[in-house]
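Hi everyone, thanks for making time. Please bring the model up on your screens, and we'll walk through it together.

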Amino acid sequence: MKRTLSLFLIPSLAACSDYAMREGDAAFDTGPGGSWDNDGGDGASAGDGGAGETEPEVEDSFFAMSPAATTAYLFVANPDRDTVTRVAVPSLQVITAEVGDRPIAVATTSDYRKAVTFNEAADSVSVIDAETLTVHEIGVRGNFNSMSLSPDGRWVICWHDPNSDEEESSSSGAQSYNEISLVDTENLTHTPMVVGFNPRGVQFTADSVSAVVASDAYVAVIDLTAASPAPMRIAISEDLIDPPLAEEVLLTPDGRFAFVRQFGAEELTVIELAEARVERVAVGANPTDLDLTPDGLRAVAVARDAKELWLYDLADPFAEAAVVALPPTESFGSVVMSPDGSRGLLFSTATQTSRYASWELATDEITVRSLVKPVRAIGLSPTGETALVFHPKDNGDTPSTSAFYNHWALTMIDLTDDFFANPLLLPDEPIGFAHSDDGERGYFIMEDQPWLEVLEYQTLLYEDIALKSNPVHVGVVPESTLAWASQEHDLGRLSFYDPDSGDLQTITGFELNSGIEY
Amino acid sequence: MITLPLALVLMGCNPWDNLPDNGQYTLDAPLWDPGSAVAIEDGIYFTQPSNGGLVRVRTDGGFDGVDLDGAEVVRTTPTADGQRLVVWDRYRTCKDPEAEKIEDCDDDELGWSYEVSIVKDAAVELVTEIPAHLNRMVFTPDGSIAVAYLDYDSAEDIPVDGVVDLTQVAFIDLDTGAVASISAGFSANNIIFSLDGSRAVVLSRSQVIVVDLETFEKTVEFPLTLDNDQQVDPTSAALTPDGRYALITVAGSKDLYKLDLDVKAIDIISLDAVPARLMVSPSLDRTLLVYNTEARVDLLDHDLFNLDPQQLDHGVSEMVEGESFALLYYGGSAYNNRMDIYHLDYESLEVTEYVMGNPVESLQLTASRAFAVGILRPSAYSGSGLDGYQASRYGLGVVDLLNQEEVSLVLESPPVGLALVEDDGGAYALVLLEGRSDLLKVDLRNPSQPISLELEIPPTGIGALPDGRFFITHASGLGLVSFLDPSDDSISVASGFAVLGLQTDDTLPRLAGQE
């Protein structure tokens with residue numbers, strides 16, 4: 001059964017503080033040294049449990065049209081106008097720059113000096129100086145719909161994501177689904193290359209020295225320090241006829257190893273990238289999640305059917321893994337780690353059970369607790385003191401007498417106060433979530449609900465902030481407490497919320513700026 | 001049609017020697033138009049529809065004709081400083097250079113030429129040419145520059161000579177006569193100026209342009225929509241006191257456009273309803289927005305541009321500003337029986353409600369801002385008894401803003417004119433009523449006992465003169481104006497001025513090639 005992605009929170013990777021929760025997007029962890037997780041395959045190939053237990057765990061989502069923020073600016077791509085709008089924070093001054101045809105994605109570099117758009121119809125990338133708005137456009141290969149940016153902002157990889165909702169402009173001539181385009185945004189050069197069928201995700205090492213592109217049957221490693229970067233393709237399966245497809249790829253922070261989790265496999269494929277050495281290490285039955293500990297020293301795999309956690313020492317990933325037994329009566333398939341690495345939260349998005357468990361890494365103690373509804377996603381605040389549990393509308397084991405029956409819900413859990421919880425009934429589906437870097441507040445938006453919801457992590461209280469129209473994306477300006485929400489409006493609308501003053505400022509119609517002549 | 005027997009000649013000499021038909025002359029139009037009165041510093045100017053002339057009546061009772069070099073007046077307007085009169089005029093031309101009279105010219109060669117004359121002291125100071133269809137003017141605050149535009153709603157007809165550019169506006173330097181025409185967009189009929197007079201903002205359908213008033217060049221063009229099929233028609237606009245932002249309301253929309261003229265950016269502020277009126281208050285440094293359909297006034301600050309609503313009992317559509325307050329009232333449909341005047345205090349932001357006897361049609365403030373005087377119109381809901389009596393008649397509303405008291409007087413007949421006067425001795429309203437030959441002087445401190453000032457001929461209108469006196473026009477075919485000195489209620493008269501320039505012939509005023 002093909003299942004689309006619905007929700008993801010990546011609390012431990014705070015480099016990007018806004019996330020989307022839309023159905024049908026490809027799953028992709030944007031942080032360096034993180035993981036790429038494809039759940040779009042056939043879950044029936046994994047596991048031997050009941051119907052629910054054959055479902056893949058649902059993890060993160062990535063969306064293209066979210067604005068991109070720096071500490072001083074918010075960049076909004078306007079695909080219909082072929083422009084990018086820069087909104088200064090906090091003055092909210094708006095300036096628009098022309099880029100290539102149909103910019104469907106915009107990203108900012110970690111040093112906040114540049115913004116980059118991928119212009120789908122023009123088959124190009126525009127590199128924009130954040131201060132001067134000087135634009136350089138570089139052509140790329142056709143037939144792409146996604147863009148990934150290296151941590152240092154120098155490298156862009158454009159690729160075709162088969163799970164993307166983004167519709168591509170019509171093209172003529174031959175098409176390939178094996179290619180990517182590598183763009184050097186400093187020297188403004190373009191290097192096309194073939195990496196393998198169906199590129200599923202792109203990872204950069206934290207130092208931006210290497211890039212890894214995982215496709216159905218290959219991992220392509222690109223040395224970005226080479227004078228002429230070229231892919232080193234490594235086959236990840238010995239089965240040449242019907243290889244298991246990669247479900248998740250995890251790159252270690254130092255870029256030495258890539259872990260590949262495949263459908264139906266009971267082993268993980270570990271690749272030592274420099275040597276192109278491919279080995280397999282044991283993992284329990286039906287591994288459904290693979291993550292790094294926040295210190296980057298260990299990888300954690302959740303074997304749902306085996307009811308085990310497998311921990312791999314990344315200094316020697318081929319060494320025997322440590323195994324932690326999970327409660328035999330529970331089925332947990334996903335894990336999120338607290339930022340300090342002292343605790344993990346275990347849950348399942350597939351089994352429709354209203355429970356989660358805390359895992360204390362120091363003692364390996366596992367404690368199971370109940371929830372008002374099954375889990376759609378769990379995230380942790382940047383301080384790790386508060387957990388957010390998003391619940392689906394589907395009821396699972398929720399009794400029909402529950403106030404939450406047939407409703408979306410959200411639970412805030414204070415992890416510092418005996419896991420005290422405040423469940424909230426929601427009028428509609430959450431579609432976006434962000435939290436401030438200081439860990440004081442979280443923000444989320446819901447489908448067709450003109451509210452910015454503010455969560456106070458210290459008190460577990462919430463506040464409704466009325467918006468002028470329905471929100472589309474939500475985020476927090478980096479290194480500040482200022483939250484933003486883009487909203488539905490023909491000519492563009494952004495609101496900025498200052499939680500300290502309670503002021504909400506809205507700018508509307510900024511796409512008109514593309515038509516100003518002077 | 002007016003027939004003048006020669007026996008009515010008022011002049012010492014006989015200027016009618018050229019009249020045909022044994023001394024009987026039939027006029028197709030009145031000798032003067034009392035409604036055309038324009039008072040500037042040197043007198044009151046009236047147009048003369050019968051001969052296209054222009055006459056100035058001085059306050060000492062004398063009068064002068066204005067020589068327009070054979071042209072006839074189309075319309076007039078005072079300059080912003082009240083020093084000069086702008087005259088749109090036209091004259092006959094013939095393409096045949098040999099033709100000296102109109103009768104010598106073939107019909108297909110006969111035409112009109114249009115010009116604008118600047119008049120002061122009954123003489124033409126400056127003549128300039130602008131496109132004939134530009135029928136309205138606005139002036140910079142210092143009165144040195146005029147912008148002529150087409151107001152289609154008030155255009156009797158649009159003179160077309162070959163082609164007409166309906167996107168055109170003309171900037172005129174009133175000191176030199178230099179003209180610069182700019183394409184400002186379709187139906188460009190709303191022009192506002194920055195307080196420092198450095199730039200003009202011209203609003204047209206779906207776009208706004210900014211013009212540098214030093215160079216008369218377009219510096220920025222703002223779109224109000226990116227959809228070519230959509231029409232966005234501005235209805236009102238104002239600049240913030242610092243001149244940086246233009247705030248624009250558009251027809252049928254809850255959107256308030258905020259144009260940053262410095263950074264060149266557009267923001268749209270979403271209102272809860274379609275605003276009826278927008279007014280920028282320099283003293284409050286906020287913009288006031290009122291609504292027909294919402295019982296509140298919104299105060300829009302000029303920093304974060306947030307709306308601060310102040311509740312009212314019902315929607316209003318009009319605003320009048322004093323130095324530290326605004327008066328709000330509903331001037332729309334009589335079927336909305338809204339009789340309140342709201343006083344919004346700028347310091348406390350408190351709203352005081354005054355309930356008048358009938359709906360307010362118009363409202364004026366005295367010079368000291370101590371009194372507000374309004375014309376009250378009959379209510380659509382007349383009721384019965386004494387309420388019905390009052391509701392079915394026009395009235396005069398007086399609000400004492402210092403003592404927070406209001407009085408509603410019932411008028412015998414519809415008012416035809418209202419003027420306010422205030423000096424050390426008191427504050428008065430001068431009211432002309434239809435069908436009455438006297439002028440009512442209402443002491444605003446004691447409005448219930450008006451004084452009647454007798455006039456010999458029924459009045460048709462009243463207006464203020466720059467020197468503090470008032471002029472009253474009368475229904476007299478040959479021209480009659482009374483001057484009222486409110487300090488002693490003395491009245492002087494000027495008459496007979498309408499016959500000036502009555503003699504006409506069909507000589508072409510300017511021969512071909514000499515225009």
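So, how much of chain B do buried residues make up? Buried residues make up 39% of the 515 residues in chain B. Buried here means that 20 or more other C-beta atoms lie within 10 Å of the residue's own; exposed means 12 or fewer, partly exposed is in between, and the C-beta atoms are placed from the backbone. For chain A, the buried residues come to 55% of 518.

Quick housekeeping before we go on. This is a predicted model, so local features need pLDDT of at least 70 and side-chain atom pairs count only at pLDDT 80 or more, while totals for chains, interfaces and linings use all residues. Residues are numbered from 1 along each chain as its sequence is written, and chains are lettered from A and ligands numbered from 1 in the order in which they are written.

Chain A has zero helices and 42 strands, and chain B has one helix and 42 strands. Both kinds of element are DSSP runs numbered from the N terminus: helices are H or I with at least four residues, and strands are E with at least two.

What about the overall dimensions of chain B? Along its principal axes, the C-alpha trace of chain B spans about 70 × 60 × 40 Å.

Next, contacts. Two residues are in contact if their C-beta atoms, placed from the backbone, lie within 7 Å. Take the contacts in chain B between residues at least 6 apart in sequence: 43% of them join residues at least 24 apart. In chain A, residues 24 or more positions apart account for 47% of the contacts with a separation of 6 or more.

Let's zoom in on a sheet in chain A. Four strands form an open sheet there, in the order S11-S12-S13-S14, with antiparallel pairing. Strands pair if DSSP finds at least two bridges between them. At the edges are S11 (146-149) and S14 (189-194) of chain A, each pairing on one side only. Inside that order, S12 (residues 155-159) and S13 (residues 179-184) of chain A are antiparallel partners over five bridges. Look for Val156(A), which stands opposite Val183(A) in S13(A).

Just past S14 there's a residue I like. Asn198(A) lies in the loop between S14 and strand S15 (201-204) of chain A. Its phi is near 60°, a positive value in a residue other than glycine. Is Asn198(A) buried or exposed? Asn198(A) is buried, because 20 other C-beta atoms lie within 10 Å.

Over in chain B, another loop sits between strand S23 (275-281) and strand S24 (286-291), and Pro282(B) is found in it. Pro282(B) counts as exposed, since it has 12 other C-beta atoms within 10 Å. Asp285(B) lies in the loop between S23 and S24 too. Asp285(B) has a positive phi of about 50° although it is not a glycine, and with 14 other C-beta atoms within 10 Å, it is partly exposed.

Now a hairpin in chain B. It joins S27(B) to S28(B) through three residues, and the two strands pair in the antiparallel sense over four bridges. The bridge partner of Val320(B) in S28(B) is Leu327(B).

Where do the two chains meet? 14 residues of chain B are in contact with 18 residues of chain A. That side of chain B divides into nine nonpolar, two polar and three charged residues. For the record, Ala, Val, Leu, Ile, Met, Phe, Trp, Tyr, Cys and Pro count as nonpolar, Asp, Glu, Lys and Arg as charged, and the others, Gly among them, as polar.

Last stop, the core. The largest nonpolar core has 265 residues, and those with the most contacts inside it are Val219(A), Ala258(A) and Val202(B). Such a core is a set of buried Ala, Val, Leu, Ile, Met, Phe, Trp, Tyr and Cys residues joined through C-beta atoms within 7 Å. Okay, over to you.
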